[in-house]
Amino acid sequence: MAQGNSQRIRGIGLESDTFPAATFELDRPAAVSAVVLTGASAPVTVQGKLAIHGVTKQASIQLTSRQGGGNLDVVGPPTFPWRRFELPGPVGSCPRPGA
């Protein structure tokens, strides 16, 4: 991330200097499809409490899961509901790594 973008994230927007941690606490274990045991990917929806920027909200997040190297890998979406957490959305764009 470019130095200017990093400074903006710490001082405005997410204000990570003031709110350095975000947490997601599952309400209950998520059911993962057995298809992931074959190495295939499968969607899984998790529900819980997302706390960020001093605000905690109930959230339902669509993730993708798959087994890899003896681990269960789970990845989340590249989007974030900024306004639900009383945050202004980002302005402009950030270059992709390696671009």
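How much of the accessible surface of the chain belongs to carbon and sulfur atoms? The accessible surface comes to about 7100 Å², and 56% of it belongs to carbon and sulfur atoms. The structure described here is a predicted model, and its chain contains one helix and four strands, which follow one another along the sequence in the pattern α-β-β-β-β.

**The chain as a whole**

- The chain has 99 residues, and 17% of them count as buried.

- Strands β2 and β3 pair with each other in the antiparallel sense over eleven bridges, and as a particular example of residues facing each other, T45 stands opposite Q62 in β3.

**The nonpolar core**

- The largest nonpolar core is made of six residues, namely L50, I52, V55, A59, F85 and L87.
- Two strands, β2 (42-52) and β3 (55-68), each supply at least two residues of this core.
- As general background, nonpolar side chains tend to be buried together in soluble globular proteins.

**The salt bridge**

- The structure holds one salt bridge, which is formed by D27 and K49, with the closest N and O atoms 3.2 Å apart.
- This pair links distant parts of the chain, because D27 lies in the loop between β1 and β2 while K49 belongs to strand β2, and the two are 22 residues apart.
- Is D27 buried, exposed or partly exposed? With a relative accessibility of 34%, D27 counts as partly exposed, because that class lies between the cut-offs of under 20% for buried and over 50% for exposed.
- By the reasoning of these cut-offs, K49 also counts as partly exposed, with a relative accessibility of 37%.
- In general terms, side chains of opposite charge can pair when their charged atoms come close.

Methods. Residues numbered from 1 in each chain as written. Predicted model: local features only at pLDDT ≥ 70, side-chain atom pairs only at ≥ 80, totals over all residues. Heavy atoms only, no water. Buried < 20%, exposed > 50% of the residue type's maximum accessible area, 1.4 Å probe, protein only. Areas by Shrake-Rupley, 256 points an atom, 1.4 Å probe, with all protein chains shown as cover. Core = buried A, V, L, I, M, F, W, Y, C linked by side-chain atoms within 4.5 Å. Pairing = 2+ DSSP bridges. Salt bridge = Lys/Arg side-chain N within 4 Å of Asp/Glu carboxyl O.
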